[in-house]
Amino acid sequence: MINLSYLQIAIAIAGALCLLLVMLGYLLIRKKLEQRKMADIRMMIERIRPLLIQELLRGDEEELNQIKKDTVFKGAIVETLKNLGANLDSSSFKRTIGDTADKYLSDSLSKELSSRRWADRMNALVLIKDFQIYSYVPDLWKLYEKSGTSQEEKNLILQIAAGADDQKLLDVLAASTPYQSTFFYKQIIRRVSPETLNLIIASFNDISPSFRVAVLSYIGEKRDLSLLPFTESCLDSEDHEVRVNAVKAIRSIGFISKPQALYPYSKSESWVEQMSFAQAAGEIAHPGYKDMLFELLSSSNWWVRYYAGEALSKFKDGKSLLKDAAENHQDAFARDMASQWLGSV
């Protein structure tokens, strides 16, 4: 009985060792094949690079159809186009990177987009987005509407449509369940034309809250003075997030046409709005803000006090303002904060 148990254990160990050896052999063979494939791709890149440069820079129609059938052609063309796009001046191209990618990748991209494998479809969408191959947009809307299309695919399709400035985009966004991510909406906004952005702004009250925040965040990021009137109009919004992000955008722009429009924020019941006011006041440095900032130095919120002190330090007479606060302010916390900032002026 004992001998039988030992035999079973020995067989189990031997089986496990055989399995490990098979797995090791598989991994070694796979690694070898991948190394060989990468070597083939590098050789293919050296072969097609001069032909692609001629086509991009001179408009020469070099025939690569014979090479196109090679199994490593796609990988080589993708890497070569990415490299050329990053290292050559695109203004000198007679043929765009996107057109060239479309010309040589269209067959494989079409197959991948119709594949049942999620990874294949995602790979195709990423290449279409990266190379800005907008001829696929009509087909992508069909993919978008399929029941089996994942949210990740839909996100990429919307980004591609934004880059193409396709007008269907706004209708789809309006009809779709709002996304939670402001970051996603900023990706969309960064890709659309100024005309489409104006259409988004025109329907500002109808879009989702995170979309509204993304619009204001983008305006601050671009520091676009032409959108300042719209941004200032958001200061009176009933939406707290819209108001705060409007002040943030104005802070980034560093200018406001009506400085008094920010006055109510210094008296707000929201410490976030008071803090936002202090941050914006420091960038704008309007004389009318001095007394308000002096008062905010005594706020019960440390962040409000901190940014009020920072804002005062940015005025031309910031040193004397802080010195006065450090010596004469009625509030001990205000005197302490002013003293801290006085040391940095």
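**Figure 1. A buried histidine between two helices.** His329 is buried here, with a relative accessible area of 10%. The model shown in this and the other views is predicted. Look for His329 in the loop between helix 18 (318-328) and helix 19 (332-342). Setting aside neighbours within four places in sequence, you will find His329 in contact with Phe294, Leu297, Ser298, Asp324, Ala334 and Arg335.

**Figure 2. The chain as a whole.** Let us step back for a moment. The chain holds 19 helices and 0 strands. Its radius of gyration is 30 Å, well over the 20 Å that the globule rule gives for 345 residues, so the chain is more spread out than a compact globule. The C-alpha trace spans about 85 × 75 × 40 Å along its principal axes. Of the 345 residues, 41% count as buried.

**Figure 3. A nonpolar patch on the surface.** Tyr6, Ile9, Ile13, Leu17, Leu19, Leu20 and Met23 make up this patch, and together they have about 750 Å² of accessible area. One of them, Ile9, is found in helix 1 (residues 2-58). Ile9 counts as partly exposed, at 47% relative accessibility.

**Figure 4. Helix 9 and its cover.** Which residues of helix 9 (residues 182-191) are buried? They are Phe184, Tyr185, Lys186, Gln187, Ile188 and Ile189. Their cover includes helix 7 (151-163), helix 8 (168-175), helix 10 (194-202) and helix 11 (209-222). At the start of helix 9, a side-chain oxygen of Ser181 comes to within 3.2 Å of the backbone nitrogen of Phe183.

**Figure 5. Asp239 paired with Arg212.** These two side chains meet in a salt bridge, at 3.3 Å from N to O. The pair links distant parts of the chain, 27 residues apart: Asp239 sits in the loop between helix 12 (228-233) and helix 13 (240-253), and Arg212 in helix 11. Asp239 is partly exposed, with a relative accessible area of 24%, whereas Arg212 counts as buried at 13% relative accessibility.

**Figure 6. Arg243 paired with Glu273.** Here the side chains meet in a salt bridge at 2.7 Å, N to O. Arg243 belongs to helix 13 and Glu273 to helix 15 (residues 271-284), 30 residues apart. Glu273 counts as buried, at 5% relative accessibility.

**Figure 7. Glu295 paired with Lys267.** The closest N and O atoms of this salt bridge are 3.1 Å apart. Glu295 lies in helix 16 (residues 290-296) and Lys267 in the loop between helix 14 (263-266) and helix 15, so the pair ties together parts that are 28 residues apart in sequence. Glu295 is partly exposed, with a relative accessible area of 44%, while Lys267 is exposed, at 56%.

Technical notes: Residues are numbered from 1 along each chain as its sequence is written. This is a predicted model: local features need pLDDT of at least 70, side-chain atom pairs count only at pLDDT 80 or more; totals for chains, interfaces and linings use all residues. Side-chain values use heavy atoms; hydrogens and water are left out. Helices (H or I, at least four residues) and strands (E, at least two) are DSSP runs, numbered from the N terminus. Buried means under 20% relative accessible area, exposed over 50%, partly exposed in between (1.4 Å probe, protein chains only). Contact means heavy atoms within 4.5 Å. Patches are made of residues with over 30% relative accessible area and no salt bridge: like charges are joined within 9 Å, nonpolar side chains (Val, Leu, Ile, Met, Phe, Trp, Tyr) within 5 Å. Accessible areas come from the Shrake-Rupley method with a 1.4 Å probe; for residues, only the protein chains shown count as cover. A salt bridge is a side-chain nitrogen of Lys or Arg within 4 Å of a carboxyl oxygen of Asp or Glu. A polar contact is a pair of N or O atoms within 3.5 Å; within protein, one must be able to donate a hydrogen and the other to accept it, and residues adjacent in sequence count only if both atoms are side-chain atoms. The radius of gyration is taken over C-alpha atoms; the globule rule is 2.2 Å times the number of residues to the power 0.38.
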